[in-house]
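These are notes for a colleague going through the model.

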Amino acid sequence: MLRSLLFATGILSVGMTLNAQTPAKRPIRPADMYRLPTVSDPQLSPDGKWVSYSRSSIDSVKDSRNADIWMVSWDGSQDIQLTSSQDGESRARWSPDGKWLSFLSARATASPEVKGAQVWLMDRRGGEGKRLTELKGGVSDYAWSPDSKKLLLTLTDPDPEDSSKIKTTKPYVIDRYQYKQDVEGYRYKKTHSHLYLFDIATKKIDTLTRGNLDEGSAVWSPDGSAIAFVSNRTADPDKNENSDIYIIEARAGATMRQLTDWKGSDNGPRWSPDGKWISYTRSVSEEDYHMYDEPVLCVVAAAGGAPRLLSQALDRPVMSPRWAKDGAAIAALVADDREQYVATFSVADGKMTKICGGQRAFNFLEAAADGSWLTMMSDPHTPGEVYALEAGSPRRLTRQTEAFLAPLALATVEGFQSKSADGTMVSGILYRPAGVATGTKLPLVLFIHGGPVGQDAFDFDLSRQMLAGGGFAVAAVNYRGSNGRGLAYSKAISADWGNKEVIDLHGAVDYLVKQGIADADHLGVAGWSYGGILTDYLIASDTRFKAASSGAGTGFTLSLYGVDQYINQYNNEIGAPWKAIDRYLKISYPLLKADRIKTPTLFMSGEKDFNVPTAGSEQMYQALRTLGVPTELIVYPGQFHGITTPSYQRDRFDRWLAWFKKYLTP
């Protein structure tokens, strides 16, 4: 009818067609971050028909994020929002009998003393959520008992001081060895995390653990008779990274039993379906501090005994192990040279079978029916979404990020390998702006990952896509110190910071220049955390970079001894300054040789960062300002090591783009 009307009114004539014009796609820009939702924490319903998950989005008016609970059907045909409060909800969990969907929320309560997140229940058949717990201090974590009658709660001791009733804050009296921690702040409070049983019908709470140590990562046995958990019960947990697995009967007054005794770390216990075995991951190292390490998949009898190391020969990080329904195999995520794939390990002999990989990254696993798995996955052009993994193939369930992607022309992404000056082969990922013809030389931003133990993978990277959207080629490089290439590759930089990583990063830039991808006269470098530290090392070792941005970094490691949260790493890896001053001076060369720096540099930091304190950026800024090198210092008020306020996140994108366009645009 519409077509006939248009002909009758003369709007269309013979030979004309009615075509809907699809808007041309455009490069990504900083304002787009407000449109990007984050999907996380999928949980399969007991009947296998639904998957709950969290969807976080930005409220630009409140300048904050808010998370809601959604659920999607297993066939992907229905996707339903379940909560929408202004207070947000998280950690949705199905009751094993399928009657309830619970979640955590800090919605207001009638009692002013009840603060923090509480457990809420939502009837599976519909209706509003009802608050179940009213616990002072809130709930840190929880898990349903197999019979759906109780909750296993992880609670932190209430703060003995109510700051709302104190006019003047008392002095912090500190006696801990590691006395600072990012976000937590000064560690002067004598509070710990313990385990409790909560009866849903009577709301009675029983104490499982108590004392001056912490317990966490607690999981029920399949029959509900026992609970496995993780704890560091050494004389001073601040002085090491030990953690062991313990088992306790699920009743008040029970005595815990130590299951593992590795001097390194044992983490993430999971019971086998028959309750006879427990899988977990442990560190390779037994040392008190092990920055350069990788988790190994282990299995141990729940009754006790020596563990079997299933993935030891693999020499790759193995994470998030989950038992198959039949108990014959354990699935896990494996980080391997820019990929993060799904594999299964035979419980009998440790044989690994790769289930699904490729240039993408999986980051969650839960066993489903018929050998299928619930997972999450992203790739360079798709943010994380929920998938079903069936017969080795992913099937997408959620499509929350489609609207974000629809108008965007994202960068093309490809892997590359470069050879460092000492012959080391290094893997990287290149982002080219959309629509740029192959062979076109571009200004390059070397964007360095932090850690250092981690890897740049074939997943969705908003920061690098944003820089590519500004017209830059962007390189991600897994320098020595990264994981995914074996333990020796990661440990190569131990106590020798700013050396091999710098060689590898320069080698990658050399390769991109030689290939005609990067314009040698328009090179930039940026990074955050250890990426910011390496940015400082690079600009102090070479003047080839015409612009830099160092975020949450430092150029004078010696000055941060006892000031940041890494006292264990300093004392165990570098040594105490009064014993190893030459080593500290060697790795502090960016500030001590700042007169070599000619690169205009933008320094950034969070005001309350205790991870790499703002002093690290302030010192480098002051040095360049003294030397007359163009520089700026941006301090984000109230922020910790990670910048979480949305307007500040956008500000950082805007400043990166403006800085690099100013100094790198031909």
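This is a predicted model: local features need pLDDT of at least 70, side-chain atom pairs count only at pLDDT 80 or more; totals for chains, interfaces and linings use all residues.

1. A residue is called buried here when its relative accessible area is under 20%, exposed when over 50%, and partly exposed in between.

2. Helix α6 covers residues 530-541, which makes 12 residues. Its first and last C-alpha atoms lie 16 Å apart, close to the 16 Å expected at 1.5 Å a residue. Of these 12 residues, 11 are buried, so α6 is largely enclosed by the rest of the structure. The buried residues are Y530, G531, G532, I533, L534, T535, D536, Y537, L538, I539 and A540.

3. How many aromatic pairs does the structure hold? The count is 20. In one of them, the ring centres of Y561 and Y570 are 5.9 Å apart and the planes meet at 45 degrees, so the pair is classed as tilted. Planes under 30 degrees apart would count as stacked and those over 60 as edge-to-face. As for accessibility, Y561 is partly exposed at 22% relative accessible area, whereas Y570 is buried at 4%.

4. A second tilted pair is formed by Y636 and Y648: the centres are 5.4 Å apart and the planes lie at 45 degrees. This pair links distant parts of the chain, with Y636 in strand β38 (residues 631-636) and Y648 in helix α11 (residues 646-664), 12 residues apart.

5. Two arginines are placed over aromatic rings. R107 lies over the face of W120, 4.7 Å from the ring centre. The charged end of R485 sits over the ring of Y489, at 4.4 Å from its centre.

6. An open sheet is built from four strands in the order β15-β16-β17-β18, with antiparallel pairing. Which strands form its edges? They are β15 (216-220) and β18 (257-258), each of which pairs on one side only. Strand β16 (residues 226-231) runs antiparallel to β15 and is joined to β15 by three bridges. Across these two strands, G216 stands opposite V230, which belongs to β16.

Notes. Residues are numbered from 1 along each chain as its sequence is written. Side-chain values use heavy atoms; hydrogens and water are left out. Rings of Phe, Tyr and Trp (its six-membered ring) pair if their centres lie within 6.5 Å; planes under 30 degrees apart count as stacked, over 60 as edge-to-face and the rest as tilted. Buried means under 20% relative accessible area, exposed over 50%, partly exposed in between (1.4 Å probe, protein chains only). A charge sits over a ring if NZ of Lys or CZ of Arg is within 6 Å of the ring centre and within 35 degrees of the ring normal. The expected span of a helix is 1.5 Å times one less than its number of residues. Two strands pair if DSSP finds at least two bridges between them.
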